[in-house]
Amino acid sequence: AREKATRIFDRDAGTIEASAYVDPDIYRLELENIFRRTWLFLAHETQIRAPGDFLATYMGEDPVIVVRQKDGGVKAFLNQCRHRGMRLCRSDAGKASNFTCVYHGWVYGLGGELVGVPLEEPAYGTVDRAAWSARPVPRIARYKGLIFGCWDENVPDFTDYLGDAAFYLDILLDRSPAGTEAIGGIHKWVIPCNWKFAAEQFASDSYHALFAHLSAAAVTMPDGSYSADWGGEGFQFTSDRGHGTGFLLDAGRREMLTAFVGPEVARYAMEEGMGSAIERLGAMRGQRMHAQHMTIFPNFSFLPSVNTVRVWHPKGPNEIEVWAWNLVEADASDAVKEAYRVGGLRSFSASGIFEQEDGENWVEIQRCLQGPVARDTVFHVGMGLGRPDAADPDLPGRLGWVFSEVAARGFYTQWQRLLADPDAPVIPSADHGEANHAAQ
Ligand code: FES
């Protein structure tokens with residue numbers, strides 16, 4: 001499978017083999033070499049506010065529990081009892097003083113430490129608590145309200161892992177001195193498609209919006225404001241760590257926000273919340289960049305204008321569980337928060353009209369790939385290939401035009417590099433970065 005991985009994506013030709021999205025051997029390598037080694041999103045700080053608050057989630061296919069500690073810290077550990085492997089916590093979220101396994105009653109503390117064993121003395125004599133505690137997630141990072149974890153204790157620090165992507169991530173996270181707040185519950189739904197269709201689209205694909213979202217945009221935008229010509233002024237950012245984003249500059253921001261999330265959110269974003277955002281982020285990020293989509297490699301994505309945040313949890317090569325929720329500036333009024341929640345429901349959620357258009361495409365691709373001829377083919381990832389990089393003095397990192405696939409190629413370059421070599425550093429060497437640069 002590793003040998004296969006080295007040829008499945010050809011950056012110079014701008015092609016990827018269809019088997020990347022269905023091959024079970026490739027999928028197993030993804031879990032081992034990518035999801036076990038990179039930083040993965042766990043939770044927002046406000047989803048586990050008080051000591052004992054917990055969230056059960058996944059890192060790849062490994063179930064984990066994320067818990068607020070009594071000292072305000074955050075720990076995460078494998079959601080698996082060390083006695084016989086039962087899922088330790090079967091609630092999605094809640095508040096706990098400890099976690100008791102339902103099978104034979106072993107008890108674990110808020111940090112995953114083994115604290116109780118029924119019949120310990122007569123049955124075992126003693127059980128080594130330290131040796132039989134839940135398996136910890138060794139690295140935890142907290143960045144402007146987001147909590148990430150990594151199974152590899154030697155992974156570079158999260159801010160290094162982000163690199164220039166932090167500049168673009170901050171458009172979502174750093175608009176207000178009050179920070180952000182997760183509102184509403186987490187929408188969870190299962191769709192039959194490979195996780196990379198979703199992650200790559202959010203990294204790199206403004207292109208689909210012109211066509212896939214045409215009808216929804218036309219009916220939701222204010223009367224007379226819809227135009228199929230989006231102006232085309234905008235950029236795409238690609239990272240040698242696989243992160244990517246794209247965004248427009250200036251064109252019809254208020255109308256798009258109104259279409260996506262309604263007039264109250266558009267008013268807040270363009271008036272009430274704008275001053276603080278410009279003060280903190282500068283005019284470029286606070287005001288001009290919009291319709292932004294972004295993926296932090298491998299599977300954490302968001303849309304800053306709609307403020308929908310999501311994780312594409314892989315469930316085999318042919319299925320994902322989407323977890324989506326809304327994020328709002330913490331000091332916004334209750335009315336604005338509610339407007340974001342309702343607007344998010346209407347546009348990007350399990351029932352969202354824009355979400356259907358994305359999911360339907362991914363699902364139908366996956367259905368086609370069940371045929372042996374359909375999966376024995378090659379797809380085009382070559383938009384913008386060979387063109388010079390774009391540049392803007394206000395924007396860091398490597399850029400292309402908003403309608404290109406430079407960020408998709410960056411995503412797959414990192415995907416392939418990690419897939420093919422379990423010892424490859426998560427942050428490529430400078431030499432590799434140069435090679436990237438030479439071959440957009
Ligand atoms: Fe958990 Fe036995 S499997 S106590």
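# Pocket, cavities and local packing in a predicted model

The lining of the second largest cavity consists of eight nonpolar, five polar and three charged residues, where Ala, Val, Leu, Ile, Met, Phe, Trp, Tyr, Cys and Pro count as nonpolar, Asp, Glu, Lys and Arg as charged, and the others, Gly among them, as polar. The structure is a predicted model, in which local features need pLDDT of at least 70 and side-chain atom pairs count only at pLDDT 80 or more, while totals for chains, interfaces and linings use all residues. Residues are numbered from 1 along each chain as its sequence is written, and side-chain values use heavy atoms, with hydrogens and water left out. Helices (H or I, at least four residues) and strands (E, at least two) are DSSP runs, numbered from the N terminus.

**Cavities**

- On a 1 Å grid over the protein atoms alone, a cavity is a set of points where a 1.4 Å probe fits but cannot get out, a pocket is an open set with protein on both sides within 12 Å along at least five of seven lines, and lining residues have an atom within 4 Å of a point.
- Grid points are joined across faces, edges and corners, and a volume is the space filled by probe spheres set on the points.
- Six cavities of 30 Å³ or more are found in a search of the whole structure.
- The largest cavity has a volume of about 250 Å³.
- Its lining comprises 20 residues, with A209, F260, A291, H293 and L303 nearest the centre.
- Two or more residues of this lining come from each of α6, α7, β16 (289-296) and α13, and β16 supplies the largest share, three residues.
- By class, the lining of the largest cavity divides into eleven nonpolar, seven polar and two charged residues.
- The second largest cavity holds about 150 Å³ of space.
- Of the 16 residues lining the second largest cavity, R175, R253, P304, S305 and N307 are the closest to its centre.
- The elements giving two or more residues to the lining of the second largest cavity are α9 (253-261), α10 (263-272) and β16; β16 gives the most, with three residues.

**Largest pocket**

- The largest pocket contains about 590 Å³ of space.
- It is lined by 22 residues, and E200, D205, H208, I365 and E405 lie nearest its centre.
- Two or more lining residues are given by each of α6, α7 (207-211), α13 (353-368) and β20 (378-380).
- The most, five residues, come from α13.
- Eleven nonpolar, six polar and five charged residues make up the lining of the largest pocket.

- At the start of α2, a side-chain oxygen of D23 comes to within 2.7 Å of the backbone nitrogen of D25.
- V265, A266, Y268 and A269 are buried in α10.
- These residues cover an arc of only 165 degrees around the axis, which puts them on the same side of α10.
- The cover over the buried residues of α10 includes α9, α11 (274-288), β19 (320-329) and α12 (334-347).

- T180 lies in strand β13 (residues 180-191) and counts as buried, at 9% relative accessibility.
- The side chains of T180 and H44 are joined by a polar contact of 2.9 Å, a polar contact being a pair of N or O atoms within 3.5 Å; within protein, one must be able to donate a hydrogen and the other to accept it, and residues adjacent in sequence count only if both atoms are side-chain atoms.
- Neighbours within four places in sequence aside, T180 is in contact (heavy atoms within 4.5 Å) with residues including H44, T46, K144, L172 and L173.
- R139 is in strand β11 (residues 139-143) and, at 18% relative accessibility, counts as buried.
- A polar contact of 2.9 Å joins the side chains of R139 and D157.

Methods. Buried means under 20% relative accessible area, exposed over 50%, partly exposed in between (1.4 Å probe, protein chains only). The arc is that of the directions from the helix axis to the C-beta atoms.
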